[in-house]
Structure formats: C-alpha cells, structure tokens
Amino acid sequence: MRAARSPLAPLEGRTVLVTGGAGLIGSRIVARLRELGARPLVLCALDAYPPYVYRDLFGIDTADPDVIAGDVRDEGLMARTLPDCDYVVHAAALADVAACTRKPRAAIDTNITGTQVLLDAVAATDRVRRFVYVSSASVYGDGSPEETQSPELLTVRQLLESVYGRIAPQFHERTSTVRPVSVYANTKAWGERQTALTLGAVGTSYTVVRYFSVYGEPQTIKQGSHSWVVAWFAARAALGRPLHLHGGGHQVRDLIHVDDVVEATLRAMVSPQTHTEIVNVGTGKATTVRRVAELVREHYPNAEFLETPMPPGDPLGGYASTCRMRTMLGWTPAVSLPDGVARYVAWLRKNPAAVPDWMRAEGARTVG
C-alpha cells in the first residue's frame, strides 16, 4: 500500500524567501524547508542578537550564499530577490512589544515601511505562488465581553474569574474584533490589512497566520524585553533569581511550541483552503503566566516568585479558537506545554551560553 503523500511535498524543489529567516522562528522554518528539499533564502538584518546566537544557537551560516544580510526596507534588494522566489514567508519585524513601545517610530519604520516595500516587490512579480504574512494574536488585544460567552468556555472562564476577576476570551478569526493595545500589535493589524489590499489588487495568493505565544528551544531572551516568558523564567531560575510575575502573573497566554508553529506555517503556505484567509496558530488552551512559572519551578524547586507591576502594552490576553486551523491545515499541535517546558529546560542546561552575559551581570529583571 502506497504511503500518503505529505501535504508539504509541493515545497520540494521550490525557492522560499524567509524574511527574518535568521531569527528563532525563521531559522526553524529554514531548517524544515531544507529537510523538505526546498531552497530557502534567508533574509535578515542580523542585528537583533550577538553573532554567536545566530551561529551557535540558531545554526545560521553567514557565509552561505543563500543567507542575505539585508533589510526588507531595501527596495533594490527586494526587487532583485523576489523574481527568483516561489513562496514568501514574511517574519521580519521589530517583534518585541517592549521595544516597540519604547521606540514607536522604529516599529513603524520596520513593521510598516518594510512590509510595504516587500509587498510592492511581491506584487511586481508573477512568480510568487503564496505570500504568508506572519501576524500576532496581540491584534486581538484583551478581547471584549461578547467574546467570553461561548458555552464551551464555562469551566475555564469560571476558574480564571475566581482567581482574578476576569474572564479569558477565546479569539476567533472571523468573529473576534481586532483591538490592538500596543504599538507592536497596531503595526501587525496594519500589515494584515495592507497585505490583503496590495496583493488582492493584483491577484497574488496570500495567507495571514496569527501566532499566539511562541516558545521553545533555541529561544534566547533580549535585553529590555518582557516577552518569551518560558525562556525568561528558565534563565532566571537557572541563575537562582526570583521569577517576576507582572500583575501577579494572571495574564492569559496560549503557548505553542516553535516546532508546531513551523509546521502550521508551512502547511498554511501550501494549503488551497488558506488562500486569502486568516488562521490562528495556537493550541486552544488558556494558560496563566503564573502557571508557566509553576511548570518551570518543577525543574528548579528553589525558584521563588515575586509580584511586579504590569509593563505598558502587556495584554491580559486570551487563547485561540483552533477550529479553522484544524480544518484548513488538517493538523493539530503535537507538543504539550509541560513537555515543551521540560525540553526547553533540558536544552538550556546543555547550552548555558544561551543565558546572556548581561543577564548574569545585572540584578533583577522583569518578565511577563
């Protein structure tokens, strides 16, 4: 009996431009594309981390001719690169909520201007089969009262409301209102709509994927950030420092492992059903930040908790409706949160250099 053909088989032999391809998610997409027999082109400014992170943790060889040290805002570079590409995954962004809040003009320059330059280049060629815009669940903001009324959410709603007086919303692509509460989220909401306007006008296929909270090895934290809570908590616990819980850690996140994010993104890139669609990429499970801290503490029993103020732009959050993801991609995430946290802790213990020097040298930091 012949084995079923992989849904990702159409990528074999194809050239795929991955902007932000040297970052955490981008580098994992690139690695998976190579496994599938595709030719990924890595476009990245290579300025978000020290060189050793790209080389030793993300596995990016800057001497590889398919690794392009460049910027999506470079119109000439985009015009030269796009005619060779069958697919595009646009993951390049100033993707840190705190950094975007501190420097909104930088966020606009990268996330809005850069996206438009890339979209114009895609629209100018007829070779690109599908453009995937990487968006974020942050566009949903903190939800609204009408989004908490689904009967199947009763148990989760009652639990969370009993803890801190708030009902966690489940976000649906077609019915939940986009209400960004941060600069970063606002730029992502703009990018979604601009992708539809620019590519819809010329008939180029596109898909928007809204990532929920991505975590997993080889994630490494950035100075001045409060994103990537698993990596923050594990790094602080490894150093024997308290785990900071913004606002008590009652924010809700839908944490999805980077391996699952990669699989969902590539399936969204080739699925006929995702043409011009928006797809949540999450697990459909609500988890408080405090619960993440508790999972990390299972591996570091001496870790202490410390409640800290909520940083600007940090959403209270919610979790994904995954109905469209399951239907359109024919797939569900494979990595559970306890397993994913355990994997990250094991990886961190094998790669202690992933805890940056600045964190070792300074005192308490905040996370969330």
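Biologist: Which residues have the most contacts inside the largest nonpolar core?

Modeller: This is a predicted model, in which local features need pLDDT of at least 70 and side-chain atom pairs count only at pLDDT 80 or more, while totals for chains, interfaces and linings use all residues. Residues are numbered from 1 along each chain as its sequence is written, and side-chain values use heavy atoms, with hydrogens and water left out. A nonpolar core is a set of buried Ala, Val, Leu, Ile, Met, Phe, Trp, Tyr and Cys residues joined through side-chain atoms within 4.5 Å, where buried means under 20% relative accessible area, exposed over 50%, and partly exposed in between (1.4 Å probe, protein chains only). The largest such core has 73 residues, and those with the most contacts inside it are Leu-11, Ile-29, Leu-33, Tyr-211, Phe-233, Leu-266 and Met-269.

Biologist: How many residues are in the second, separate core?

Modeller: Among the members of this second core are Leu-77, Cys-85, Tyr-206 and Val-208. The core is separate and has a total of 23 residues.

Biologist: Which residues does Met-269 touch, not counting residues up to four places away in sequence?

Modeller: Contact here means heavy atoms within 4.5 Å. With residues up to four places away in sequence left out, the partners of Met-269 are Leu-11, Val-16, Leu-33, Tyr-87, Val-89, Arg-130 and Val-132.

Biologist: How many helices and strands are there in the protein, and what is its radius of gyration?

Modeller: Helices (H or I, at least four residues) and strands (E, at least two) are DSSP runs, numbered from the N terminus, and the protein has 13 helices and 15 strands. The radius of gyration is taken over C-alpha atoms, and the globule rule is 2.2 Å times the number of residues to the power 0.38. For 368 residues that rule gives 21 Å, and the protein comes close to this, so it is as compact as a globular protein of that length, with a radius of gyration of 20 Å.

Biologist: Why is α8 described as largely enclosed by the rest of the structure, and which elements do its buried residues pack against?

Modeller: The description holds because nine of the ten residues of α8 are buried, including Trp-232, Phe-233 and Arg-236. Just after α8, Gly-240 takes a positive phi of about 75 degrees. The buried residues of α8 pack against β8, β9 (243-246), β11 (255-257), α10 (289-297), α12 (337-350) and α13 (357-361).

Biologist: Is Arg-253 buried or exposed?

Modeller: Arg-253 is found in strand β10 (residues 252-253). Leaving aside neighbours within four places in sequence, Arg-253 is in contact with residues that include Lys-285, Asp-314 and Gly-317. The relative accessible area of Arg-253 is 11%, so this residue is buried.

Biologist: Which residues does the cis peptide bond join?

Modeller: Pro-218 lies in the loop between β8 (213-215) and α8 (229-238). With an omega of about 10 degrees, the cis peptide bond joins Glu-217 and Pro-218.

Biologist: What is the phi of Leu-46?

Modeller: Leu-46 lies in the loop between β2 (39-44) and α2 (51-57), and is partly exposed, with a relative accessible area of 22%. Although Leu-46 is not a glycine, its phi is positive, at about 55 degrees.
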